[in-house]
Amino acid sequence: MKNLLELKGVTKIFGEGTVNEKVALEDINLTLAEGDFVTVIGNNGAGKSTMLNCIAGVHNVDKGSIVLDGRDVTKLPEHKRARWMGRVFQDPLKGTAFDMTIEENLAIAYYKNKARGLSPGITAKDRKLFREKLSVLEMGLEDKMTQKVKLLSGGQRQALTLFMAAITEPKLLLLDEHTAALDPAAASKVLALTDKCAEDPKLCTLMITHNMKDALRHGNRTILMKDGKVVMDISGEKRRQMTVENLIEKFSIDTDRMLL
Amino acid sequence: MIMTFAAFLGSLELGMVYAVLALGVFLSFRTLNMPDLTVDGSIVTGMAISAVMCAGGVNPFLALIGAALGGAAAGLVTGLLHTKLKIQAILAGILVMLAAYSVNLRIMGKTPNIPLTKSITVYKMADELLPSKYAGIVLGLIILALIIVLLYLFLETRLGFVFRATGDNEDMVKACGVSCDNMKLLGLALSNGLVGLAGGMLAQNQGFADINSGTGMMVIGLASVILGEVIFGTRTLIRRLVAAALGAVLYRILLAQALYVGMESTDMKLVSAIIVVIALTLGLLGEKSSKLTALSAKFLKGRVQR
């Protein structure tokens with residue numbers, strides 16, 4: 001399998017040289033193969049979101065490099081990297097333009113890698129395609145295409161955002177606790193959709209979660225972060241034998257130490 | 001006392017001009033969600049360029065294009081200060097407004113007032129074609145309709161879609177591969193271009209350009225937008241554009257009426273501010289009342305089911 005994403009010695013320090021200096025990421029080395037679905041767990045402040053944001057280009061890294069599909073993207077601004085990445089945020093409000101309709105939002109995502117000229121924002125053909133694709137979600141969104149997104153529930157919005165992130169078949173899907181703000185029923189629906197998106201076509205996926213059961217049940221590899229470092233990286237047989245209890249044990253040692 | 005019919009026609013004519021201003025303010029305030037104070041400066045830039053060109057014997061329609069370009073340039077400077085130098089939007093606008101005063105004076109050849117009594121203007125040209133009572137209104141309406149159609153068509157393109165999304169959610173726009181900075185530059189240039197055009201029309205309509213006439217123009221534009229939203233609604237995009245324009249016309253009528261109930265023309269700035277406060281409060285009430293309607297509908301539905 002080809003390497004799709006490589007983080008080499010990535011270091012990120014916030015407020016360097018001040019009293020509030022915090023090393024958020026320390027010399028991270030991580031390689032994702034094509035088709036990998038990696039779940040990321042760790043305490044608050046472990047650096048999970050920072051890592052995702054560095055990959056997406058929200059933060060510039062202080063040291064190290066990020067290579068995506070053989071291309072060094074370390075210096076590229078966020079909107080230029082977006083061409084190869086789909087992202088879903090924790091906050092359901094962050095993924096969509098709330099005052100625009102569902103189909104308008106979809107069209108914006110759909111034309112991500114095409115010229116944003118003066119051709120029509122959405123065509124009848126697009127509408128038909130969106131309708132077909134949306135019906136697969138089984139959320140009734142295909143009948144609300146001209147409704148403004150602000151009228152949707154959190155779960156519907158996250159499903160829509162995920163759908164928008166995956167519609168251009170990006171190389172990498174970045175999910176930052178995208179089910180954390182949802183009720184359990186909506187969360188499991190969005191997770192099922194996540195699996196579907198990551199499977200067909202096979203997208204390389206990085207998913208942060210606080211739910212350890214989800215972390216083990218979804219994807220093919222799990223990493224645990226602590227104090228800006230990757231302290232555990234399991235896949236295959238080792239991961240199959242890992243239980244939530246074992247993880248908690250590993251976690252609680254960490255939390256105890258954090259409390260002291 | 002109710003205003004005379006002639007005064008009503010006069011405020012309609014002026015309303016068409018201010019509608020162009022309102023559409024400009026709509027772009028920055030509503031679409032980009034950015035309070036842009038450049039307006040008070042860029043409208044005078046438009047007036048100055050339009051007056052200088054007309055006085056110099058240039059075709060007055062060309063003068064209007066010049067006015068729009070001048071306004072757009074001012075907006076672009078505000079945009080660059082905001083996006084490249086990271087100055088807060090509101091402060092960037094104030095800085096350009098301040099600087100524009102000096103630049104506008106230079107454009108006007110260091111005289112604070114340019115009369116156009118002897119020059120050809122688009123309004124004088126219209127007077128020759130149509131009965132002069134309605135000529136200005138018809139001309140204004142044609143320009144306004146053209147702008148609304150073009151603006152609507154633009155906002156419905158792929159570029160227009162991401163432009164509208166920028167004011168809603170910058171993170172989403174970036175995640176969709178578009179630079180928000182470019183959208184803001186485009187928006188501010190477009191918005192102030194319309195404001196400049198309104199200034200150019202205003203100078204030709206009233207027959208002079210004055211260096212001090214920009215004060216409070218942003219507030220007037222905003223008042224028109226909000227008034228339009230409260231009265232004509234915001235459901236669809238075309239409706240929002242038309243509402244902003246109608247709001248401006250209504251605003252002129254309200255101001256003219258204020259004169260007829262005994263206010264002095266020097267009180268107009270006060271009246272402007274009061275209209276804005278009332279329009280904002282009505283907007284607030286509108287939100288509450290729509291929530292109330294939704295609640296009562298829910299309640300009724302529950303009772304029917306029971």
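Predicted model: local features only at pLDDT ≥ 70, side-chain atom pairs only at ≥ 80, totals over all residues.

Tutor: Residues are numbered from 1 along each chain as its sequence is written, while chains are lettered from A and ligands numbered from 1 in the order in which they are written.

Student: Okay! How many helices and strands are in the secondary structure of chain A?
Tutor: Chain A has nine helices and ten strands, taken as DSSP runs numbered from the N terminus (helices are H or I, at least four residues; strands are E, at least two).

Student: And what box do the C-alpha atoms of chain A fill?
Tutor: Roughly 60 × 40 × 40 Å, along the principal axes.

Student: New topic: how many residues of chain A are in contact with chain B?
Tutor: 26 residues of chain A are in contact with 19 residues of chain B; contact puts the C-beta atoms, placed from the backbone, within 7 Å.

Student: Which helix gives the largest share of chain A's side?
Tutor: H3(A), with four residues.

Student: Now, at what angle do H2 and H9 of chain B pack?
Tutor: Helix H2 (residues 39-55) of chain B and helix H9 (residues 180-206) of chain B pack at about 50°, with axes 7 Å apart. Axes are lines fitted to C-alpha atoms, for helices over the stretch in contact, and angles run from 0 to 180 degrees between N-to-C directions.

Student: Which residues of H2(B) make the contact?
Tutor: Among them are Val39(B), Ser42(B) and Ile43(B), while the H9(B) residues include Asn192(B) and Val195(B).

Notes. Contact = placed C-beta atoms within 7 Å.
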